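Biologist: Please take a close look at one pair of packed helices and describe its geometry and the residues involved.

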Amino acid sequence: MNIFKLSIKNIFNKPLSSSISLALLVLGVGIISLLLQLNTLIKDQMDNNLRGIDMVVGAKGSPLQLILSSVYHIDSPTGNISLAEAETISNNRMVGSSIKILYGDNYKGFRIVGAEKKFIELYKGVIKEGKDWDNPYEVLVGSKVYEKLKINLGDELISSHGLRETGQSHDEGTFKVVGLLKPSNSVIDQLIITSPQSVWDIHETHDHDEHEHEHDNREITAMLIKFKSPMNIIQFPRQINENTNLQAAVPSYEISRLFKLFGFGIETLSYLAYLIIIVSGFSLFINLFNSMRERKYEMALIRTLGASRFQLSTMIIFESLVLTISGFILGLLFSRFGVMFVSSLMEESINYNLNSLKILNEEYWLLGLSVLIGVVSSLIPAIQVYKMNISKILADA
Amino acid sequence: MLKTKEVEFNYDNQMFFKFQNIDLNSNENLLIIGESGVGKTTLMHLLAGLLKSNSGSIKLFDKELNQMSSYQLDSFRKNNIGIVFQRPHFVNSLTVKENLQLAQYIANKNDNNRIESILKNLNIFEKSNKKTNQLSQGEKQRVSIALAIVNSPKLILADEPTSSLDDNNCSKVIKLLKKQATDFGAQLIVITHDSRLKKHFKKSIEL
């Protein structure tokens, strides 16, 4: 038996009032930590997929939609643009490199992207098994796609029209899996990638009633552009938007706009969570204060057994700290389960996966805050116990 | 062993007590008897070092209590004095055994054999793992005696140990207290208004 054990026994002796303070703290810490985790994970994921893309050119529409669809592959494209127009832009002297991408089909909900081979290099994709495509209708498959759909080399994939699973299926659109990509923790993990020619071919045969269209009527969905100099990011997009019927969007700008939008929500929610933590501190204080009154004879007894004032005060602070520190730990667990839950939701709906359980720096601050709450809320009860007049308490008995 | 001289005490200048001198030798037990309001509990708290007198001297085991700091008194108490309260108090979150272990921990001791032998001696060994609020009144009283003697004090102070008991139990409890004191080599001072106890003590003083 020692003072620390006694503190723990005291907590378990009052499970109800202890668990209310604990639950509040778990909730507060959990929400803040969940917000921090999600914010960091989403930002990391977004930044990771942004590398090497200074500008995206696509059809007119919402710039955010253009970015979401052609950089993150989670929204519908704004439309198609003509290949000829795209070529004109990619030949501009300000453009360092450009990658054309085309959409059209999906296989069981995973997008089939027609893209130049530079696209895979952009995301540092490495072939794990098989080889690169050489001919139309040959595809490379991203890691999440083959893991989830159990696709092997040599399999034939019959695509469906559109970007959703429900689209009508092409009888002609049979793709052959020639390569599997290693996980790269970027968007190509959830894509099926093929040559642009494949996508053109499949839609040409599909739309055979428009067979009269000229050869150069080919279209692409978007073009990812890297500038020669970062300076061009100010001038060039504006030129395109004003002088052509194409749209140019800057991903870093759109994404920071998006974060500002939901950053406001995150801020509000975290203020609420801090409020909950403060309330938990009050509840802890009231808890201890009341239990001091109920336990005053106990305290007097412990003093008469020879314990010093200091030992008793330590016991009170311990009780509070045990609660707040376990609240912190449970809060972190809570947030990790939350991250896993959100991640599984995201994976189902948009094939994104967030999985990192590392402790963030801000969470160490939360630990500090929990300890502070523990000490502050137990300070007054501890001082009271320190000043307690045992003789008077015992005489009143 | 205990020598008091002109001890005076007043609570906030309202109640004033002047206690007669006490002189107790080693190996003697003492009964201090007095009506309500004569300061019995005050005297006991003075002897236990829970209160400090305003003037006079209390010499216990050759130590002058009035000259000790609060911290020294705590430490003196845990090494020398066991207290049996009028109403038994325990740490409610702990079992009988754990209460005794806590008392030992406070006195920097750790001796489960002693706890076992005390509980057996008091016939409550089978209640070792019960929470104290599950005990009967009589059992509680015996546990509070166990708490008072677990650290082998040289002096046991008992405050009204028999006031709420019938004649039969009264005599049982006082015999038990005396036996425990003898068995474990401690002296016993009982403070009470209960005149039934007079016949159990050779030496008594009236306040």
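Modeller: The crossing of helix 5 of chain B and helix 6 of chain B is right-handed, where right-handed denotes the near helix being turned clockwise from the far one by less than a right angle, and left-handed anticlockwise. Contact is made by Gln141(B), Ile145(B) and Ile149(B) of helix 5 of chain B with Val173(B), Leu176(B), Leu177(B) and Gln180(B) of helix 6 of chain B; two residues are in contact if their C-beta atoms, placed from the backbone, lie within 7 Å. By class, this contact has 5 nonpolar, 2 polar and no charged residues, with Ala, Val, Leu, Ile, Met, Phe, Trp, Tyr, Cys and Pro counted as nonpolar, Asp, Glu, Lys and Arg as charged, and the others, Gly among them, as polar.

The model is predicted: local features need pLDDT of at least 70, side-chain atom pairs count only at pLDDT 80 or more, and totals for chains, interfaces and linings use all residues. Residues are numbered from 1 along each chain as its sequence is written, while chains are lettered from A and ligands numbered from 1 in the order in which they are written.

Two packed helices are described by the angle between their axes and the distance between the axes. Helix 5 of chain B spans residues 137-149 and helix 6 of chain B residues 167-183; they pack at about 20 degrees, with axes 11 Å apart. Axes are lines fitted to C-alpha atoms, for helices over the stretch in contact, and angles run from 0 to 180 degrees between N-to-C directions. Helix 5 of chain B is therefore roughly parallel to helix 6 of chain B, a term for angles under 35 degrees. Helices are DSSP runs (H or I, at least four residues), as are strands (E, at least two), numbered from the N terminus.

As for chain A, its secondary structure comes to 13 helices and 12 strands. The C-alpha atoms of chain A fill a box of roughly 110 × 45 × 30 Å along the principal axes.

Terms used: Parallel < 35°, antiparallel > 145°, perpendicular 65-115°, else oblique.
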